[in-house]
Amino acid sequence: MFSTVTQDPGESTHGRPTVSASRRLGLALLWSLDEPGRCGQVALIPRISRRAECVLGRGPAELGALGLTWVEQRPGSNHETGPLRSPRLSREQLRVSQPEPGQLELHNVGRCPLLVDGVAVERANLVPGQFALLGRVALLMCVERPDTLPALDPGRWPGALHRFGLADSFGLVGESPLAWELRAQLGFMGGRAAHVLIRGASGTGKELAAQAIHALSPRAAKPLVARNAATFPETLLDAELFGNAKNFPNVGTPERPGLIGEADGGTLFLDEFGELPVAAQAHLLRVLDAGEYARLGEARPRRADLRLIAATNRPEAALKEDVLARLRLRLELPGIDRRREDIPQLAVHLLRRIAQH
């Protein structure tokens, strides 16, 4: 999952939301032909006796039948949205039960075919992470969810009230528990002063995470200076970071503040931090400790008040050990393989962005 590390006494992971220990199986709606706006909603199996059946469809077919209730699960609340309304589904489409712990049984009793692994079946047992397709109408995924997601302090995460399924105010997309835990972690880190290390594979949103941490911090009104460290020319690396005095190294060379100077008062985000040579990482130690640095060609030291957010897809062992020790807050972003519930919403978000251009 995610990890937060700090050497400040009493902080560490205290104050972080924790997932409720009470969890239930359910079905998440990943795609709907007739109700695309409901993607991401989930129907949790009621706490009833084992093997008791619930109805999934446009409504209970028999008096007294227990219909599955779909909800938009948000931190601290479950907003009920009623049964599915697609006219392509039968009023009683599936009967759902839990024959064994950690397993759902689907019994198809409606007119829409049930496909599991591409094969039409009448009955199927699913475990969390497995998919079921109702004809060409809806894609379902078996999930395990807490009864409710942990509440978030809106003062630490003002994006919590965005419209369900859309990008929040920081550009993050997803309604799964992992997506909301990520938002909680970003809110936690935004309120701290320590330097940050973000790890994750390419495409997991490291720069978006850095932007959110900066925007949620007391430095939000100051600049966020972002640069890909892999693009630094090796011979100009110190000049890029620390800047240079006027006429150094050659007459006519303009004075440059460097990335450290530009980020004074704000946040410096260095992507691909693991690509920096170990010697260059060592040059940052005094900056990370006391904000002290010197421009090339100057004897007197300067000071910059900045917060470093470093991002890499390399393991922590690839970083210089004493530099790593100063990156007290750590965040590991999950890959898309762990956020499969969010893939349809991410796809819609990307398609909308493409359409706007």
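Reader: Is Glu272 buried or exposed in this structure?
Author: This is a predicted model, so what follows describes a prediction. Glu272 sits in the loop between β15 and α5 (278–282), and its relative accessible area is 17%. Buried means under 20% relative accessible area, and therefore Glu272 is classed as buried.

Reader: Where does Asp117 lie, and is Asp117 buried or exposed?
Author: Asp117, which is not a glycine either, has a positive phi near 55 degrees. Its place in the chain is the loop between β8 (114–116) and β9 (119–121).

Reader: Which residues of the largest nonpolar core touch the most other members?
Author: In soluble globular proteins, nonpolar side chains tend to be buried together. The largest nonpolar core here has 28 residues, and at least two of its residues come from each of α3 (237–242), α4 (258–262), β15 (267–271), α6 (285–290), β18 (307–312) and α7 (321–326). The members that touch the most others are Phe232, Leu241, Ile260, Leu268, Leu270, Phe273 and Leu284.

Reader: Which residues does Phe273 touch, leaving aside those up to four places away in sequence?
Author: Phe273 belongs to the group of core residues that touch the most other members. When residues up to four places away in sequence are not counted, its contacts are Ala229, Gln281, Leu284, Leu308, Ala310, Ala311, Thr312, Leu319 and Val323.

Reader: Which residues of helix α2 are buried, and what covers them?
Author: The helix α2 covers residues 206–215 and holds His214, which counts as buried because its relative accessibility is 7%. Leaving out residues up to four places away in sequence, His214 touches Arg219, Ala220, Lys222, Pro223, Leu224 and Thr267. The buried residues of α2 are Lys206, Ala209, Ala210, Ala212, Ile213 and His214, and their cover includes α1 (177–190), β13 (196–199), β14 (224–228), β15, β18 and β19 (329–332).

Reader: How far apart are the C-alpha atoms of Val137 and Arg88?
Author: Val137 is in the loop between β11 (131–134) and β12 (138–146), and at a relative accessible area of 6% it is buried. Not counting residues up to four places away in sequence, Val137 touches Trp31, Ser32, Leu33, Asp34, Ser86, Arg88, Leu89 and Cys112. Although Val137 and Arg88 are 49 residues apart along the chain, their C-alpha atoms are separated by 7.0 Å.

Reader: What separates the C-alpha atoms of Trp70 and Thr204?
Author: Trp70 is placed in strand β4 (residues 70–74), and it counts as buried at 1% relative accessibility. Along the chain, Trp70 and Thr204 are 134 residues apart, and their C-alpha atoms are separated by 29 Å.

Reader: Why is Cys112 in no disulfide, and how many disulfides are there in the whole structure?
Author: A disulfide needs a pair of cysteine sulfur atoms within 2.5 Å. The cysteine sulfur nearest to that of Cys112 belongs to Cys39 and is 15 Å away, so by the cut-off of 2.5 Å Cys112 is in no disulfide. Cys112 is buried with a relative accessible area of 5%, and Cys39 is counted as buried at 12%. Over the whole structure, the number of disulfides found is zero.

Reader: How many helices and strands does the protein chain have?
Author: The C-alpha trace of the protein chain spans about 85 × 45 × 35 Å along its principal axes, and buried residues make up 48% of its 357 residues. Of the contacts between residues at least 6 apart in sequence, 67% join residues at least 24 apart. As for its elements, the protein chain has eight helices and 19 strands.

Key: Residues numbered from 1 in each chain as written. Predicted model: local features only at pLDDT ≥ 70, side-chain atom pairs only at ≥ 80, totals over all residues. Heavy atoms only, no water. Buried < 20%, exposed > 50% of the residue type's maximum accessible area, 1.4 Å probe, protein only. Helix = DSSP H or I, 4+ residues; strand = E, 2+ residues; numbered from the N terminus. Contact = heavy atoms within 4.5 Å. Core = buried A, V, L, I, M, F, W, Y, C linked by side-chain atoms within 4.5 Å.
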